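Trainee: I am new to this structure and would like to walk through it with you. Could we look at it together?

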Amino acid sequence: MNTIHVDVVSAEESIYSGEARFVALPGESGELGIYPRHTPLITRIKAGSVRIEKADGAEEFVFVVGGILEVQPDRVTVLSDTAIRGKDLDEEKANAAKQAAEEALRNAKSEIDLARAQSELAVLAAQLSALRKYRKK
């Protein structure tokens, strides 16, 4: 069977390491799909879910808040400051944080405050979207 080794690493820990048939993740310019023997590639990724179809057919979801993707023909490496396993995502906590970010957006007094609130809101929207995808599986 054709597989590719996948490592998803956050600043704190290794989130996933194993063989996979396919990996999908949010590239900076759109969704990327990676199969074994993919052309080498280095690119930035944006906030969203990494979907890993493991060698046994099961799926693993990891939410990342941006980072770097390196693809070699036999290996995929995702480096992210923040990465959370799909099973560890907390919808209630994410919704509360989203409400706080929306409040900060409404109360922004400077361009920096506005940009910070918009960035936080985008990350939380991506996290909630990833959570919903994970829950459907």
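Trainee: How many bridges pair β1 and β2, and in which sense do they run?

Mentor: Good place to start, and a word on the source: this is a predicted model, in which local features need pLDDT of at least 70, side-chain atom pairs count only at pLDDT 80 or more, and totals for chains, interfaces and linings use all residues. Residues are numbered from 1 along each chain as its sequence is written, and side-chain values use heavy atoms, with hydrogens and water left out. Strands (E, at least two residues) and helices (H or I, at least four) are DSSP runs numbered from the N terminus, and two strands pair if DSSP finds at least two bridges between them. For β1 and β2, the pairing has six bridges and the sense is antiparallel.

Trainee: Which residue of β2 is the bridge partner of D7?

Mentor: β1 and β2 form a hairpin, with four residues between them. Across this pairing, the β2 residue that partners D7 is S17.

Trainee: Why is β2 described as largely enclosed by the rest of the structure?

Mentor: Relative accessible area decides this: buried means under 20%, exposed over 50%, and partly exposed in between, with a 1.4 Å probe and protein chains only. β2 is largely enclosed because the buried part of its 14 residues numbers 10.

Trainee: How many residues of β6 are buried?

Mentor: β6 covers residues 59-64 and is also largely enclosed by the rest of the structure. Antiparallel to β5 (residues 48-54), β6 is joined to that strand by six bridges, and R51 has F61 as its partner in β6. β5 and β6 make a hairpin with four residues between them, and G57 in the turn has a positive phi of about 95 degrees. Of the six residues of β6, the number buried is five.

Trainee: Which residue in β9 does V62 stand opposite?

Mentor: β6 pairs with β9 (residues 83-85) in the antiparallel sense, over three bridges. The β9 residue opposite V62 is R85.

Trainee: With which residue does R85 form a salt bridge?

Mentor: A salt bridge is a side-chain nitrogen of Lys or Arg within 4 Å of a carboxyl oxygen of Asp or Glu, and by this rule the count comes to six. In the one formed by R85, the closest N and O atoms are 3.8 Å apart, and the partner is E13. That pair links distant parts of the chain, 72 residues apart: R85 is in β9, while the loop between β1 (4-9) and β2 (14-27) holds E13.

Trainee: How far apart are N and O in the salt bridge of E28 and R44?

Mentor: E28 is in the loop between β2 and β3 and R44 is in β4, so the pair ties together parts 16 residues apart in sequence. E28 is partly exposed at 42% relative accessibility, and R44 is partly exposed at 49%. Their N to O distance is 2.9 Å.

Trainee: Is E60 buried or exposed?

Mentor: E60 has a salt bridge with K54, with the closest N and O atoms 3.9 Å apart. K54 is partly exposed, at 23% relative accessible area. With its relative accessibility of 17%, E60 counts as buried.

Trainee: Where does K109 lie?

Mentor: K109 counts as exposed, with 75% relative accessibility. From C-alpha to C-alpha, K109 and G48 are 29 Å apart in space, and they are 61 residues apart in sequence. K109 lies in the loop between α1 (91-106) and α2 (111-136).
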